Amino acid sequence: MCGIFGYIGKKDTAAPIILEGLKLLEYRGYDSWGIAVVTNGHIEIQKQIGKIEGVQTSLPKSSIGIGHTRWATHGGITKINAHPHFDCTKQIALLHNGIIENFLDLKKELLKKGHVFLSETDTEVAVHLIEEYAKTTSLSNAVEKCFKRLKGLNALVVLSLLTNEIIAIKVGSPLIVGIGKEEYFISSDPIGIASHTKNVYFVQDNQLIQLGKTFEIRDCSSGLYITPTITVIDWDYKSSLKGKYKHFVLKEIYEQPVIITQIAKYGKEDVQKLTNEIERAYGTFIVGCGSASYAALYGTYLFSKVAKKHINFSIGSEFNYLEDYLTKKSLVIGISQSGETIDVVEPLSKALKKGSQIAVITNGLGSTMYRLADTKLFLNAGVEKAVMSTKALIAMLSVLLLCAYSFEKKQNEGSLLLEAAAKDVKRILSVTEVNKIKKLAKKLAPRQHIYLIGRGLSYAAVLEITLKLKEAAYIHAEGFAGGELKHGSLALIEKGSVCIVVAPNDETYASIISNAQEVKARGGYIIGFSPIDNQVFDYFLKTADLKEATIIPQVVIGQLLAYYLAIEKGVKDPDKPRNLAKSVTVK
Ligand code: F6R
C-alpha cells in the first residue's frame, strides 16, 4: 500500500523520472501523490490529490528526489496530508508506507519540544523525530534512532538537503533499490524500476540504505555494513503496458487463456515439491486474502475431492486466532498475487517462528513471501496492474488444480483439464459470448443488489464473482452456499430479486437447481452459469463441463459481467476502484 519512488544520479530530470515511476506504482494507492526534489539549495515539493494519470510535474531540474502515491490511513485525503512531509527546518523531506501505531505519544513528546505539525498524518511525527535526533548525531543515525522508536510495520524514505542523499529503512513494507549506471532508484516494487534497470536489491528488514554518491547498506542489528546481493529481474517492461485495451483489467482478462495453457505445461518437479510438503505435513493450512482466499477455499474442496487430503483454509487476517495449534509438523501455504500482503506475510512468519514448514504460491517474484519460503510455486501470470485481481486468481486456481491432480499421479489429466479450460475461456472471450454478457450487464446495471448461489467448488466461484461485482461495479452482491439460503437469507428474496446460480454438471447440480427453484418461486430472476441450460434459468450463460476446472470459465464470465456492469454504470476507472489499492501492506 502506497507507492514509493526515488531517484539519485547524474541526470537533471529527477522529477519527471519520479513522476513516471509513480505512475507505474499508482495501483498501490491513488488518493494523492507528491514529489520532493533538491534544487538551488532548497527542497521543493509538489503535491496533489487524486490520480496521477495525465499529470505533468511543475518541479525544476534536479538530480535527486523522492515521490509517493498515497492510500490514506491516518488523516483525510487532502493536499496537506499528501507525502512528502517536511521537518520544521525544511531541510528534510520524508515519505512513509505503513502505520506508526504509537504516533500520538510521539507527537505529544515532539509538541512539547516545540515542533510544529501541519498535517493529520502519523507520518509527520517521523520527520520531526529525525530532525530532533539530527541535532546531536548524523542524519543516518537519526533515521535509525527514530525508526527504532516507531511501533508497527513501516518503511521510511528521507531526502536530505544537507547531505544530498536519500536514506531509507523498513520493517515489513517492501522496498527495492535499482542499480543503474551512476544512478540509483528506490521503489516499492520492481515494476517502477523495470524500465531503468534489471539489477535490483531487495532491502531486508532493519537495513539502513544510504543512496548518495555510493550505495551503502548498514545492518542495524549488528551495525555492520554489508555488500548487496544483486538480483537480475528479467521482466518485459512492455508487457506491463495497457496496449490496445481501454483498461488494464480487460487486457488482463484477455491474457488468461495463455496463462492457463502455460500452467498446464508446468513440469512435474515444480508441482511435486509442494505436493511432497503436503504429503509430509501433519495439518496443512492454506492462507490468503480477498480473491486469493477464495482460491484457498477452492483448494480445500479440491484437495478433498481429487487428492483425498484435508487442507484447512483460513483468511489471512483471521489466521492469528487459529495458529495456536501449529506444530513443527504443520505446513502453512501462503497464496498471494503480490507476495506482499501483510495479512499473509504475518501468518507465514509466525509459522516459521513456531518451526512449522511454509510454502508459497505467488506471482511476486522476489517478493517478501517468495523470499521467506523454500518451497514456492511461481504463478508467472505477468504483471497484474488492475487493482481487481483476474489473471492472477485464475493462475492460482489452475496451479491448485494441477497440484491436486499430481497427488494421484494424474498431473497429465490435470493438464488436459486446464487446456480444455483455456479453450473454453477463449470461447467466452469471443464477440458472440461477450455480447451476451454485455446484454446482461445492461439489464442488471440499475440493480442495487445481486445474490449468487453455488455449492462445493462453485461456492468458491460465487464468492469470487461477488467480490468482482462489488469492486468493479459498486453493486452490493452477496454469495451464499446454496443450502444456506433457507436458513435465513431467503428472507431477502422478493419479486424481481436477481440471483446468479452457478450450476456445474457435478454432484451439486440437482441441489443447486432446487435452490434456484426456491428463489424463483418467490419471484426471483434467475441467471444460470452452467454447461446445461435449465428451464429455471431466465438468462443463461454457458460454461464447458470440465470437472473441477469448471470454476475457471465460471469465474471468467463473472469477471466480464463485473467489468461490463462497471462500464454500463459509468464507473470512471475500473482499474482503480474507489478506496482500494493493490498490494495491501498495512493491517
Ligand atoms: C480482489 C483483489 C484482492 C486481492 C487481495 C490479496 O480482486 O484483488 O482481494 O486478492 O488483496 O492480494 P494478494 O493476492 O496480492 O495477496
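Strand β16 (residues 284-288) pairs with β17 in the parallel sense over 5 bridges, where strands are DSSP runs of E with at least two residues, helices are DSSP runs of H or I with at least four residues, and both are numbered from the N terminus. Two strands are said to pair if DSSP finds at least two bridges between them. Within this pair, Thr-284 stands opposite Ile-311 in β17.

The structure is a predicted model, in which local features need pLDDT of at least 70 and side-chain atom pairs count only at pLDDT 80 or more, while totals for chains, interfaces and linings use all residues. Residues are numbered from 1 along each chain as its sequence is written, and side-chain values use heavy atoms, with hydrogens and water left out.

The pair of β16 and β17 belongs to an open sheet of 5 strands with parallel pairing, in the order β17-β16-β18-β19-β20. Because β17 (311-315) and β20 (375-378) stand at the edges with a single partner strand each, one side of each is left without a neighbour in the sheet.

| Helix | Strands it lies across | Angle |
|---|---|---|
| α8 (residues 268-280) | β16, β17, β18 (331-336), β19 (357-362) and β20 | about 140 degrees to β20 |
| α9 (residues 291-307) | β16, β17 and β18 | about 165 degrees to β17 |

Another open sheet has 8 strands with antiparallel pairing, in the order β3-β2-β4-β1-β10-β9-β11-β15. Here β3 (42-49) and β15 (231-232) stand at the edges, each with a single partner strand, so one side of each has no neighbour in the sheet. Strand β11 (residues 199-202) and β15 run antiparallel and are joined by 2 bridges, with Val-200 opposite Thr-231 in β15.

The report now turns to a pair of helices. The axes of α2 (residues 103-112) and α3 (residues 123-133) come within 10 Å and cross at roughly 45 degrees. The two helices are therefore oblique to each other, a word for angles that are not under 35 degrees (roughly parallel), over 145 (roughly antiparallel) or 65 to 115 (roughly perpendicular). In their contact, Phe-103, Leu-106, Lys-107, Glu-109 and Leu-110 of α2 meet Val-125, His-128, Leu-129 and Glu-132 of α3.

Note on methods: Axes fitted to C-alpha atoms, helices over the stretch in contact; angles between N-to-C directions. Contact = heavy atoms within 4.5 Å.
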